[in-house]
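Please keep the structure open while reading.

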Amino acid sequence: MTPDKMIYGPDGNLYVSTLLGNSVLRYSASGTPLPAPGKSGAEFVSPGDGGLDSARGLAFGPDGNLYVVGSNSDNVLRFDQVTGAPLGALVPSGSGGLDQPRGLLFHTDGYLYVSSVGGTEAALGQDSILRYDAVTGAPAGISGLPGDAVFTASGSGGLDNPSHITFHNGYFYVASTSPSTSNSILRFRTDGSFKDTFVLTGSGGLAGPAQFAFHNGYLYVPSWTNNRVLRYDGATGA
């Protein structure tokens with residue numbers, strides 16, 4: 001099934017996206033499978049529901065529903081918070097240059113932020129963070145131009161193969177996961193400009209950071225190419 005991202009929902013349950021399974025699984029806090037009504041096992045969002053292809057980033061939106069990134073379908077899909085039934089796309093395929101998205105974040109400023117890896121012909125959405133209206137899904141880039149969703153410029157600060165996004169202490173933190181060029185956690189200001197490299201490339205043996213979390217003054221980062229979880233100072237990145 002290849003689990004990719006996980007989050008705790010407002011109901012206290014654990015939701016897990018499956019990359020190759022094209023689905024979302026649900027478990028209680030103690031690990032008991034909790035399928036959606038009429039489904040079995042731990043299945044909450046069924047494989048391929050709503051056109052989902054390669055499920056990655058997960059987030060619960062301000063409306064309480066579950067939003068899932070389709071990395072191969074290049075969109076952000078919405079699913080009912082109770083039944084897991086598809087409710088359509090918030091961000092349609094390719095909107096604003098979205099290409100191979102990985103992570104997503106609903107922020108209190110009313111926007112949805114999505115990391116976009118992009119391909120060789122996806123200049124707008126390549127190695128950048130895109131921004132959309134959290135209610136309508138319309139592109140809402142820094143330029144303010146219609147149809148533009150760019151929040152951080154392509155490759156800003158060395159961003160390469162961006163994945164997880166979080167907001168902490170006034171900054172956006174983004175995992176830059178390319179094993180050959182980045183292996184770092186970058187920090188961006190609220191205007192989309194690059195602030196600094198918070199966790200330096202390869203620091204402490206970091207190799208392929210993915211989802212990460214701040215907790216009790218520390219930053220915890222899974223390092224997937226060497227099978228470790230690393231810990232850093234949450235204020236300095238040391």
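Is Asn183 buried or exposed? The model is predicted. In it, Asn183 has a relative accessible area of 9%. That is under the 20% cut-off, so Asn183 counts as buried.

**Asn183 and its surroundings**
- Asn183 sits in a loop, with β14 (171-176) on one side and β15 (184-188) on the other.
- Its side chain comes to 2.6 Å from the backbone nitrogen of Gly208.
- Leaving out residues up to four places away in sequence, Asn183 touches Ser176, Thr177, Ser178, Leu200, Thr201, Gly202, Leu206, Ala207, Gly208 and Pro209.

**Arg131, a charged residue without a salt bridge**
- Arg131 belongs to strand β11, which covers residues 128-133.
- Arg131 is buried but forms no salt bridge.
- Asp109 is the nearest side chain of opposite charge, 5.0 Å away.
- A polar atom of the Arg131 side chain lies 2.6 Å from the backbone oxygen of Ala140.
- Residues touched by Arg131, beyond four places in sequence, include Tyr111, Tyr113, Ala140 and Phe151.

**The β5-β6-β7-β8 sheet**
- This open sheet has four strands in that order, with antiparallel pairing.
- β5 (55-60) and β8 (86-91) are the edge strands, and each pairs on one side only.
- From one strand to the next, the twist averages 30°.
- Strands β6 (residues 66-70) and β7 (residues 75-79) run antiparallel and are joined by five bridges.
- Val69 stands opposite Val76 of β7.

Note on methods:
Residues numbered from 1 in each chain as written. Predicted model: local features only at pLDDT ≥ 70, side-chain atom pairs only at ≥ 80, totals over all residues. Heavy atoms only, no water. Helix = DSSP H or I, 4+ residues; strand = E, 2+ residues; numbered from the N terminus. Buried < 20%, exposed > 50% of the residue type's maximum accessible area, 1.4 Å probe, protein only. Polar contact = N/O pair within 3.5 Å; in protein donor to acceptor, adjacent residues only side chain to side chain. Contact = heavy atoms within 4.5 Å. Lys, Arg positive; Asp, Glu negative; His and termini not counted. Salt bridge = Lys/Arg side-chain N within 4 Å of Asp/Glu carboxyl O. Pairing = 2+ DSSP bridges. Axes fitted to C-alpha atoms, helices over the stretch in contact; angles between N-to-C directions.
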